Amino acid sequence: MGKVKWIMLKTEMFDDEKIKIIQAMPEGDALIVVWIRMLLLAGISNADGYLMISDNLPYTEDMLATIFNKPLSIIRLAIKTFETFGMIEADREGIFIQNFSESQSGKIQELREYNRIKQAESRARARQKRLDMLSVSQTNVNDVSLTSQTDVNGDVIDKDAKCQPKDKDIDKDIYININNNIPQNPMDFGDKSERLDYKRIADAYNVICKDLPKVRGLSDERRRKIKTLINALDKSKVLTELDTYGRLEYIFRLADESDFLSGRKQTNSWCGFDWLINSQNALKVIEGNYKNKNGGANHVEPQPGNTSHSRESESDALAVFRASHKHDT
């Protein structure tokens, strides 16, 4: 979970009605300080708006009181107040700043677009300058060739050779970048490495795993884990009859059907999107380690070398998935 160096804050933040009301409350100034510290901590956590001390450990009220150097009563009052005004949500996954990722990504995108335009203008000026220099050089060479046809020894001068620019690399560079219109900056081609529809995957999880915590955003770490999982499934040759999205939906359905994983049998605080996209956990789910048995959850670790059990469990579950998936379509 990488940290960021800065976050975006609106200059008109203190003109917001919610902030004005909070500031007018008893301990209002302290609450505003806590709010700004929470925004900064969300940036440091870099977890799509969640306040996280690590990937799997959210900040608690006691932790916030310690690092903010505020009484615990102030922290609790702040959390209650911010929840009332719809500024945060507090659940078993931790404290979540509403709309944090959207506000930050929007401003960052504006900054990137501004920088892109400035860079394009700078490149255009540089190309024009080089064209002007080439034009002046070409004119000078032509003037010399018209007035002088022989050298000091009386030998005939090759006009074609004299008319060539001294810097052939510059001529070639201009031809490629201007005449063929090939961009200098690889970023001008656009980012084609991003082929997975991560939002589709998150939406499928939210719909299928209705008893598990919802996905509110997709961090770079989550995207990396999804790619790792897909590569692991390809390498293990698991669920080869399904496409990428079908494989993940299949895993999500198995989790939802499991009383143990879904928390219907006994509430758990660990199973969720991040746990399911972990490649090792996903393979255990596919192998049937968490299937219901006799009305309960069959949570038994597979024995080494017992591959037949894994294949049979996977085959049975896959047949059920295909039948339900066909019925849905």
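This is a predicted model: local features need pLDDT of at least 70, side-chain atom pairs count only at pLDDT 80 or more; totals for chains, interfaces and linings use all residues.
Local features are reported only at pLDDT of at least 70 and side-chain atom pairs only at pLDDT 80 or more, whereas totals for chains, interfaces and linings use all residues. Residues are numbered from 1 along each chain as its sequence is written, and side-chain values use heavy atoms, with hydrogens and water left out.

The secondary structure of the chain consists of 14 helices and six strands; helices (H or I, at least four residues) and strands (E, at least two) are DSSP runs, numbered from the N terminus. Of the 329 residues in the chain, 33% are buried, where buried denotes under 20% relative accessible area, exposed over 50%, and partly exposed the range in between (1.4 Å probe, protein chains only). The accessible surface of the chain amounts to about 20,900 Å², and carbon and sulfur atoms account for 51% of that area.

In soluble globular proteins, nonpolar side chains tend to be buried together. A nonpolar core is defined here as a set of buried Ala, Val, Leu, Ile, Met, Phe, Trp, Tyr and Cys residues joined through side-chain atoms within 4.5 Å. The largest such core comprises 33 residues, and those with the most contacts inside it are F252, F273 and L276. Two or more residues each are contributed to this core by α8 (198-208), α9 (220-236), α10 (244-257), α12 (273-276) and α13 (279-286). The greatest contribution comes from α10, with seven residues. When residues up to four places away in sequence are not counted, F273 touches I201, Y205, V215, L218, R222, I226 and F252. A second, separate core contains 28 residues, including M13, L31, L41 and A78.

Helix α2 (residues 28-45) packs with helix α4 (residues 72-84) at an angle of about 75°, and their axes are 10 Å apart. Axes are lines fitted to C-alpha atoms, for helices over the stretch in contact, and angles run from 0 to 180 degrees between N-to-C directions. The two helices, α2 and α4, are therefore roughly perpendicular to each other; angles under 35 degrees count as roughly parallel, over 145 as roughly antiparallel, 65 to 115 as roughly perpendicular and the rest as oblique. On the α2 side, A30, L31, V34, W35 and M38 meet I74, I75, L77, A78, I79, T81 and F82 of α4. By class, this contact has eleven nonpolar residues, one polar residue and no charged residues. In this classification, Ala, Val, Leu, Ile, Met, Phe, Trp, Tyr, Cys and Pro count as nonpolar, Asp, Glu, Lys and Arg as charged, and the others, Gly among them, as polar.

Several individual positions were examined further. A282 is located in helix α13 and is buried, with a relative accessible area of 0%. Its neighbours within four places in sequence aside, A282 is in contact with L229, I251 and L276. A282 and F252, 30 residues apart in sequence, are 9.2 Å apart in space, C-alpha to C-alpha. C271 lies in the loop between α11 (259-262) and α12, and counts as buried at 2% relative accessibility. With neighbours within four places in sequence left aside, C271 is in contact with R92, L212, P213, L261 and L276.

E249 belongs to helix α10 and counts as buried at 15% relative accessibility. The C-alpha atoms of E249 and I208 are 7.7 Å apart, although these residues are 41 apart in sequence. D234, in helix α9, is partly exposed, with a relative accessible area of 39%.

Most residues other than glycine have a negative phi, and most peptide bonds are trans. D48, in the loop between α2 and β1 (52-54), has a positive phi near 60° and is buried, with a relative accessible area of 19%. K237, in the loop between α9 and α10, likewise has a positive phi, near 55°, but counts as exposed at 65% relative accessibility.

Definitions and conventions. Contact means heavy atoms within 4.5 Å. Accessible areas come from the Shrake-Rupley method with a 1.4 Å probe; for residues, only the protein chains shown count as cover.
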